[in-house]
Amino acid sequence: MASVEAGAMALHGTHRGKPVVLTIDGSEFCARLKDQLWVKIPAELVLDAVMHGSALTVSMLAPPPRRLSYQHIISHEQWSRRHKQKIIQSLRLYSITLEVTASDSPAFVDALFKAAYPRTTPHRRVLVLCNPQSGQGHGKSMLDIVVKPVLRCAGCAMTVIETNEPAHAYRECQTLTLSDYDVLACVGGDGTLHEVINGLASRSDVAQAIKLPLAPIPCGSGNGLYVSLHGAENGFMYYLACLNVIKGVPHVHELMTITQDAHDLNTDAWPYTLRGQTADGREYAQYYSFMSQTIGIMADLDIGTESWRFMGDVRFVLGYLLYAIRNRPCHADVDVFFGERGTVSLDEMRKGSDAASRSKETERPVPSMPHALRCGSVLDPISLATTPYDPSMPDSALSRNEWMRLPMPLSFVYTGKVPYVARTLMAFPYAHPQDGFIDVVVQDQRVSFCKKLAATTRGEKGSHIHDPGMHYMKIQALRITPHNRSARHRYISIDGEKAPYAPFQAELSELYMTLLSLDDDEWRAPSLRPPMLDAAAT
């Protein structure tokens, strides 16, 4: 029977002949077997409840039973601090089936759904795009072992497409029927998501396409976007990723527009079709980036270590050590445009990121000219300030209406829109998807090898931005022009994908993507202090 007990709703039944009581108390779901606690989890971890005649089946994510107690327990406090709780990594799919006789059991099921889905609706229609070869080649196994069973138990209607060649996901997103789906889940790495975003952005109905919510399921080497959403502790937590597909809440994630000379793009390896023309008739290619662009050491270790994918994200650390020992300079002109609000003040960056976190946007007005360029294309001339950028400059000395050149020799230039680019590297600790900036980190090539080595120990927490020779800024646009375009083993990496080694320009775009997340403060900026302050506090 169903009943209300001390503010909690209860349902009595039997499991294999033994008495069971299910209760919903606020946002908590419990099951007691023979008066002993069996399951106690936040209701948010309940996926579905289905009646088949007199049998009720409740599907959920829960940790394995505690040793000797057979209890599946996770507290609200542990769930609320899931970014730092290792118990979240143990979540697995479970179901409870019990016989019930109460005529009002549907009322219990309705109450359970209200507690389990307070901000979203159940039984989403999900398009799953899977790159079976992503990362270490286990995208297919994760699809079959985790993704399909979890979404099926949550009552989701699934359409699954497995990619079989480069640009397959891009082409699928150009032609899919948007009204058929509530969510697009990407089983793969950041490169798969890069194709998806550009496929949606190239559609004629781009204004509607960018509103289709996206959710990454991490099977790549870096998985920067996923780690930024769910924390480094849960960098490869597939069950949490599936829960995000099922219950995630949409928010706006700003994109960056990339332009390159159309003649520099190989249409087979880089198939994006958007084109524009300068005033004098030259054609440029235009596409979009959601995570990062880099040249120098960071691009070399990303693209140059592709054959090390079997190592997982450890390859990035080893690659950095290898290329730091080689200490090759990044021969390129680097020009940045700060605009009215750009900054080099770390304090202002932290305040701005916190402010953006407090005013989270779920939707924005769609721009009337979605592909318009604010700062022109890479082929257009730029106006350079007479005074080049100097790391000692305060914000008041920055040029606001002209571009500024970085005159120092550089080891790398790294730009991004998310804090993490891999589980072991919080490259842009003050990045935020809605703050209206592109974050840039550059490293002076003259820094000693020992200091570069120290950056590997500090990058995981983002405190490398205080290292000598490391310069961090927030800008509106950036142009990189490599000097020797025929150089061997030199790379440009965009969202972890190899791009043509040719001049490119990145600027904050009018377009955005809609991304799912499980709560509203996943982009909270860390409170980072310079090393001397940390030592004094210790």
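In this predicted model, the charged end of lysine 247 sits over the ring of tyrosine 117, at 4.3 Å from its centre, where a charge is taken to sit over a ring if NZ of Lys or CZ of Arg is within 6 Å of the ring centre and within 35 degrees of the ring normal. Arginine 82 likewise lies over the face of tryptophan 79, 4.2 Å from the ring centre. Residues are numbered from 1 along each chain as its sequence is written, and side-chain values use heavy atoms, with hydrogens and water left out. Because the model is predicted, local features need pLDDT of at least 70 and side-chain atom pairs count only at pLDDT 80 or more, whereas totals for chains, interfaces and linings use all residues.

Rings also meet other rings. A pair of aromatic rings is described by the distance of the centres and the angle of the planes. The search of the whole structure finds 8 aromatic pairs, a pair being rings of Phe, Tyr and Trp (its six-membered ring) whose centres lie within 6.5 Å, with planes under 30 degrees apart counted as stacked, over 60 as edge-to-face and the rest as tilted. One of these is the tilted pair of phenylalanine 338 and tyrosine 389, which are 6.2 Å apart centre to centre with 35° between the planes. Phenylalanine 338 belongs to the loop between β18 (332-337) and α11 (346-358), and tyrosine 389 to the loop between α11 and β19 (404-405), so the pair ties together parts that are 51 residues apart in sequence; here helices (H or I, at least four residues) and strands (E, at least two) are DSSP runs, numbered from the N terminus. Phenylalanine 338 counts as buried because its relative accessibility is 0%, and tyrosine 389 counts as buried at 4%, since buried means under 20% relative accessible area, exposed over 50% and partly exposed in between (1.4 Å probe, protein chains only).

Tyrosine 414 and phenylalanine 428 form an edge-to-face pair, 5.3 Å centre to centre and with 75° between the planes. Tyrosine 414 lies in strand β20 (residues 410-416) and phenylalanine 428 in the loop between β20 and β21 (438-444), so this pair ties together parts that are 14 residues apart in sequence. Both tyrosine 414 and phenylalanine 428 are buried. Elsewhere, ring pairs link Tyr170, Tyr272 and Tyr287 into a cluster.

Turning to helix packing, the axes of α3 (residues 139-153) and α8 (residues 238-247) come within 10 Å and cross at roughly 40°. Axes are lines fitted to C-alpha atoms, for helices over the stretch in contact, and angles run from 0 to 180 degrees between N-to-C directions. The two helices α3 and α8 are therefore oblique to each other, given that angles under 35 degrees count as roughly parallel, over 145 as roughly antiparallel, 65 to 115 as roughly perpendicular and the rest as oblique. On the side of α3, the contact (heavy atoms within 4.5 Å) is made by residues including Met142, Val146 and Val150, and on the side of α8 by residues including Tyr239, Cys242 and Ile246.

Threonine 23, in strand β3 (residues 18-25), is buried with a relative accessible area of 18%. Leaving aside its neighbours within four places in sequence, threonine 23 is in contact with Met9, Ala10, Glu28, Phe29, Cys30 and Phe108. In the loop between β2 (8-15) and β3 lies arginine 16, a residue other than glycine whose phi has a positive value near 55°; arginine 16 is exposed, with a relative accessible area of 78%.
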